[in-house]
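Let's take a walk through this structure together, starting with its strands and moving on to its aromatic rings. Have the sequence at hand as you read.

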Amino acid sequence: MNKSEFNQPQRQSLIGVLVMFADTLRKIVRALWPLLLVWVFKFNEMNKLFLVLTLIGVVSIVGIIAYLQYLNFTFFIDDQNDEFVINKGVLNKSKIAIQLHKIQQVNINQSLIQKIIGVHALDIDTAGSSKKEVSIRAISHDLAIALREKLLAESRRVSVNEEPSDVTSTETERPFIAIGFLSLVKIGITSNYVRSFGLLLAFFFTLFENIQNLAQNSNAIDKVDAEIENYINQNMAMYSLMILLLVVFFLILVINLFRTIIRYFDFKITKQNSSLLLSYGLLNTKNTIIKPGKVQIVALSQNWLQKKMNVLNFKIKQASGSETEKENKKAAIEIPGCDEVEKEAILKLLFGQIPEKGVMLKPNFRKLLFPTLFLIVLPVFVIFGYGFSTDDKIFDYIFFLPVYLVFVVLLLYFGFRNYRLFVNQQYIIKQSGAWDIDNEIIEPHKIQAIRVSQFFWHKRANIGSVTITTAGGDLSFHLGNFTKIKELVNLWLYQVETTKENWM
């Protein structure tokens, strides 16, 4: 597709109105779901004519909004000002002009609805922004590919004052890494236990809260509580706990497995010029480009089970405008289920070689003090204080306490043993984790800032902390030898000042 074809304002695909309709309807449902839940439970008591008229009115309004969104949304490349211009809005119309040299990333995604109607979304990220600058929700696959290539080519041209070049697509290149279904299964059943448990817990708490709100004027909750108390008595406490743990563990495995397969299905990595093109997804298909020069932090994660199965997780953080570490984590690109050979191939493409660990820096034993206080001493004190002062029935379940203590002690021990910082002339590698062992890799020339800190009560012990800031996030190491930390900081600052390499 010629450059001139993007010089004139053009609209999205007309069928994309359905995508905008679905997005608008989803936002309304998300905002009003408590009211909709009440309607479901009181459906038989409601006026059916009023309900039908309300639904027709809502659908009509959403349809009109979706069509106006389509009609008022146009985009084009302004060659004179080197900008990508987007006009949009329904009542309040706006014009967004993105300078081409600030475009960092152009991704092509496809949700389930977009798959059904045959369109794609194109998301544009820029330097200095913590979120997608703009998203074109409904264009054809060929147009999305051509526009992405043109925007990235124009961005490079403007940045280095090159002559404009024709758009060339490398979509037909064969992937050099393809994550198989079996690898996804291995990763699905051996990772993200804490996240899945949190989601499960949040779901049950939300469900219980809504049921309680609906039945607050009745005795339903009291009856349920009475039945539960009659069923789970003191003699069956251990048996009930074991059943509950097995059910929760099974649900966590199922959630992890389905989430991994649905999110990363058909994961392929293709070489595209000097970049990597990642494509994956079962229901929502994503296409993401990784440029090695923009990679700031590479994190490898593997636990004991994954090591035996020869799989691990990659997490890549590129330069972004995110202001918080939480946003940087969300923006990280994950590559699940790599084996040892694939890991080495990716590392060589990103760094030109396989990073090696250098001089090791260990934390001081004081790093265990606060976790021990909050996870062991304080819970034990609370349990015994409550038992002796308020209700001694809690001692009927005291046999759970040793299990908890053994579990926490093991976590603290392995977490402390694995907490290390490795440094050589080319790489900084932080190792951490109790079960999932993470190795975060940074190149010194990509450091943006360094913060060193020491509490006054740590001066005598000569321990302190350091935080390294990059454009993709932070890396911190706490309570190490402060003299050694200061030596390393001086080395990193010297490397940053004298290097001829760019940080991105």
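The model you are looking at is predicted.

Now widen the view. Strands E11 and E17 belong to an open sheet of seven strands, in the order E13-E12-E11-E17-E16-E15-E14, with antiparallel pairing. Strands in a sheet are paired by hydrogen bonds of the backbone, and the pairing can be parallel or antiparallel. At the edges you will find strand E13 (333-338) and strand E14 (359-361), each of which pairs on one side only. From one strand to the next, the twist averages 20°.

The sheet also has a helix packed on it: helix H5, residues 181-188, touches strand E12 (312-318) and strand E13. The direction of H5 makes about 105° with that of E13.

Let's turn to the aromatic rings. The count of aromatic pairs in this model comes to 15. One of them is formed by Phe384 and Phe395, whose ring centres are 5.8 Å apart.

Phe384 is partly exposed, with a relative accessible area of 31%, and Phe395 counts as partly exposed at 23%.

Phe395 has another partner, Phe388. This pair is tilted as well, with 5.2 Å from centre to centre and 55° between the planes. Is Phe388 buried or exposed? Its relative accessible area is 67%, so Phe388 is exposed.

Elsewhere, Tyr264, Phe267 and Tyr280 form one aromatic cluster.

To finish, look at two places where a charge meets a ring. The charged end of Lys271 sits over the ring of Phe176, at 5.2 Å from the ring centre. Likewise, Lys367 has its charged end over the ring of Tyr419, 4.2 Å from the centre of that ring.

Key. Residues are numbered from 1 along each chain as its sequence is written. This is a predicted model: local features need pLDDT of at least 70, side-chain atom pairs count only at pLDDT 80 or more; totals for chains, interfaces and linings use all residues. Side-chain values use heavy atoms; hydrogens and water are left out. Two strands pair if DSSP finds at least two bridges between them. Helices (H or I, at least four residues) and strands (E, at least two) are DSSP runs, numbered from the N terminus. Axes are lines fitted to C-alpha atoms, for helices over the stretch in contact, and angles run from 0 to 180 degrees between N-to-C directions. Contact means heavy atoms within 4.5 Å. Rings of Phe, Tyr and Trp (its six-membered ring) pair if their centres lie within 6.5 Å; planes under 30 degrees apart count as stacked, over 60 as edge-to-face and the rest as tilted. Buried means under 20% relative accessible area, exposed over 50%, partly exposed in between (1.4 Å probe, protein chains only). A charge sits over a ring if NZ of Lys or CZ of Arg is within 6 Å of the ring centre and within 35 degrees of the ring normal.
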